[in-house]
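Here is a short note for a colleague coming to this structure for the first time. Please read the points with the model open beside you.

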Amino acid sequence: MNTTTSTPAPAAGPVTAHVGSLLRHFGDLRDGTHGEVSSRRDKEALFAATVPLLDPYARQVLAEMNTQLLHDTGEVQAGGVQRTPDGSLVARWALTWPEQRETGIDPISLIAYFGRGFHHPHLRGATVAEWPLNVFTEEQAAAEVPTLRAIAAADLHNLVFQRDFRIVPEVVRPLDGDAPAPGPHSVYGVNGVKDEDK
């Protein structure tokens, strides 16, 4: 008996923001352009104009993480567009906090990056790479919030793996006072102490 079912095709409708971003990216690859320009100088000028569009949204996403996970102990740092020694352009928004600094790992980062050898810019994190960055309007910048949230969340997830969950204040000292019990697969016992360290 065949029990295979098929998933119906989605109804035709407007293109979602994340698909629109991918289509702009793929169209640029097809046409050899970025935002309808083709020279490196013009592409860099567009990148420099994109960073201020992204700035409030990158700050918003990192502020959400700071409030919800870090007990407002973090600090958002931003540096604007800078040229790296290899000729690339980069703009970074970083969320640092005491536990992160004490363990020596990277901060949660949202990075707009136009690599020297890249056809066009991308978004990345300290531990997560690459998402196309084809933003030319305020509306397109606002539509990147879910992507920025995903990059920031993935970055924090990877940073926890580099150390452990104790770098996240909300996990060890929840503001509501209800610390979650260690899960059944956790090697950590009560209060975040490794069972083998008892």
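In what sense do β3 and strand β4 pair, and over how many bridges? The pairing is antiparallel, and three bridges join β3 to β4, which spans residues 122-124. Keep in mind that this is a predicted model.

1. Overall make-up. The protein has six helices and five strands. Along the sequence they follow the order α-α-β-β-α-β-β-β-α-α-α. The protein has 198 residues, and 37% of them are buried.

2. Contacts and surface. Take the contacts between residues at least 6 apart in sequence: 56% of them join residues at least 24 apart. The accessible surface is about 11300 Å². Carbon and sulfur atoms account for 56% of that surface.

3. Strand β3 and its cover. Strand β3 covers residues 108-114. Seven of its seven residues are buried, so the rest of the structure largely encloses this strand. In a regular strand, side chains alternate between the two faces of the sheet. Both faces of β3 are covered. I108, L110, A112 and F114 are buried on one side. S109, I111 and Y113 are buried on the other.

4. Partners of β3. Strand β2 (residues 89-96) runs antiparallel to β3, and seven bridges join the two. Within this pairing, R92 stands opposite I111 of β3. Turn next to β4: there, H122 is the bridge partner of Y113.

5. Aromatic pairs. The structure holds two of them. One is formed by F47 and F114. This pair is tilted, with 6.1 Å centre to centre and 50 degrees between the planes. F47 belongs to helix α2 (residues 40-69) and F114 to strand β3, so the pair ties together parts 67 residues apart in sequence. Both F47 and F114 are buried.

6. The other aromatic pair. Y113 and F118 form an edge-to-face pair. Their rings are 5.4 Å apart, centre to centre, with 85 degrees between the planes. Are these two residues buried or partly exposed? Y113 has 15% relative accessibility, so Y113 counts as buried. F118 has 28% relative accessibility, so F118 counts as partly exposed. The cut-off for buried is under 20%.

7. A nonpolar patch. V15, V19, L23, F26 and L29 form a nonpolar patch on the surface. Together they have about 450 Å² of accessible area. One of these residues, L23, sits in helix α1 (residues 17-31).

Terms used
Residues numbered from 1 in each chain as written. Predicted model: local features only at pLDDT ≥ 70, side-chain atom pairs only at ≥ 80, totals over all residues. Heavy atoms only, no water. Helix = DSSP H or I, 4+ residues; strand = E, 2+ residues; numbered from the N terminus. Buried < 20%, exposed > 50% of the residue type's maximum accessible area, 1.4 Å probe, protein only. Contact = heavy atoms within 4.5 Å. Areas by Shrake-Rupley, 256 points an atom, 1.4 Å probe, with all protein chains shown as cover. Pairing = 2+ DSSP bridges. Patch = residues over 30% accessible without salt bridge, like charges linked within 9 Å, V, L, I, M, F, W, Y side chains within 5 Å. Salt bridge = Lys/Arg side-chain N within 4 Å of Asp/Glu carboxyl O. Phe/Tyr/Trp six-rings, centres within 6.5 Å; stacked < 30°, edge-to-face > 60°.
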